[in-house]
Amino acid sequence: MTFEANIKLEDSKPVVLVIDDSQDVHRLLKARLRSEELTLISAVGGAEGLITAGTAKPAIILLDLDMPGMDGFEVLRSLKDSSDTAQIPVIVLSALASPQDKVTAFDLGAVDYITKPFDLTELRVRVRSALKMHALLQMLSQRAKIDGLTGLWNRAYFDDRWREEVARAARHDRPLTVAVMDVDHFKSINDTFGHPAGDAVLMGLGKLVQRSCRASDIPCRYGGEEFVLIMPDTTPEDAATLCERLRQGLMDIQWPRHPERTVTMSVGLAGAESACAMDPGAWVEAADRNLYAAKKGGRNRVVWTSVGPAKLVRAAS
């Protein structure tokens with residue numbers, strides 16, 4: 001689809017999806033919205049629009065109601081029934097002008113309703129307003145899922161994202177690994193040097209993880225001195241190599257509040273090399289058991305296992 005190339009070229013602009021069976025409407029909107037700070041993509045039918053919405057994740061959707069095959073009401077209902085697209089604001093652009101049509105559209109989740117033929121200046125203003133509201137809601141949603149101390153994703157984000165990544169790996173038969181990391185003897189750092197020193201360690205580890213991870217990795221603060229790292233498309237063995245670098249990198253940091261004190265961490269990993277039907281919670285528990293094994297084995301080490309149908313393999317560093 002051509003929208004993929006457009007998004008890559010203009011990925012800093014919000015994406016607006018137009019679902020309408022009229023090519024004239026697509027040409028008109030493309031010409032008249034050219035000066036706006038947005039990337040316009042098109043679908044000429046309801047079924048195509050649903051596929052495009054799920055793939056492109058647009059900021060807003062402009063939706064016609066009177067379309068052959070799957071009409072706009074059915075498209076709107078399907079958009080709001082899917083967790084992937086339910087939060088996308090939908091502006092209806094339709095020649096259907098009866099009060100009942102408008103009420104039905106709003107009941108199904110539309111945020112605005114513009115009757116054709118529409119005034120283009122009014123359309124621009126309403127699109128801008130919807131985009132601003134979407135950006136604000138995205139910002140608020142993101143901030144609610146960011147840990148205030150480290151700047152990493154928080155536990156709530158991890159819980160949602162981990163379930164998604166487990167389902168995605170199973171669906172596409174891809175490897176996936178999760179790591180649970182815990183700062184060794186963290187309580188003694190707080191007790192000996194004070195809580196500001198402990199906070200500095202957590203922030204330092206957060207920066208180390210952000211700096212060392214790949215773009216596809218998802219680092220989160222799990223709670224207290226525990227961190228988790230989701231590594232999509234990564235076998236447990238490769239993930240262990242990455243975590244070993246993190247472990248060594250933490251050891252190499254010299255802390256201003258206690259330069260004589262080396263800080264270490266223990267890491268437990270659990271991963272699958274291919275599709276795995278393991279429950280997301282049980283998967284994290286497997287990583288947690290490996291973390292416990294690392295602690296029991298002397299701390300400052302990485303312990304990993306493969307989960308799923310393959311035979312368990314364990315290694316420690």
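How are helix 9 and helix 10 oriented to each other? I shall take that question first, and I note at the outset that the structure under discussion is a predicted model.

Helix 9 covers residues 195-212 and helix 10 covers residues 236-251. Their axes come within 10 Å and cross at roughly 140°. An angle over 145 degrees would count as roughly antiparallel; helix 9 and helix 10 are therefore oblique to each other. Their crossing is right-handed. On the helix 9 side, the residues in contact are L205, L208, V209 and S212; on the helix 10 side, they are L242, L246, G249 and L250. Sorted by class, this contact has 6 nonpolar residues and 2 polar ones, with no charged residues.

I turn next to the strands. Strand 7, residues 218-223, has 5 of its 6 residues buried, so the strand is largely enclosed by the rest of the structure. Strand 7 pairs with strand 8, residues 226-232, in the antiparallel sense, and the pairing runs over 5 bridges. Within this pairing, C220 has V228 of strand 8 as its bridge partner. The hairpin formed by strand 7 and strand 8 has 2 residues between the strands, and G224 in this hairpin adopts a positive phi near 60°.

Is Q23 buried, partly exposed or exposed? With a relative accessible area of 43%, Q23 is partly exposed. Q23 and A43 are 20 residues apart along the chain, and a distance of 9.6 Å separates their C-alpha atoms.

Notes: Residues are numbered from 1 along each chain as its sequence is written. This is a predicted model: local features need pLDDT of at least 70, side-chain atom pairs count only at pLDDT 80 or more; totals for chains, interfaces and linings use all residues. Side-chain values use heavy atoms; hydrogens and water are left out. Axes are lines fitted to C-alpha atoms, for helices over the stretch in contact, and angles run from 0 to 180 degrees between N-to-C directions. Helices (H or I, at least four residues) and strands (E, at least two) are DSSP runs, numbered from the N terminus. Angles under 35 degrees count as roughly parallel, over 145 as roughly antiparallel, 65 to 115 as roughly perpendicular and the rest as oblique. A crossing is left-handed if the near helix is turned anticlockwise from the far one by less than a right angle, and right-handed if clockwise. Contact means heavy atoms within 4.5 Å. Ala, Val, Leu, Ile, Met, Phe, Trp, Tyr, Cys and Pro count as nonpolar, Asp, Glu, Lys and Arg as charged, and the others, Gly among them, as polar. Buried means under 20% relative accessible area, exposed over 50%, partly exposed in between (1.4 Å probe, protein chains only). Two strands pair if DSSP finds at least two bridges between them.
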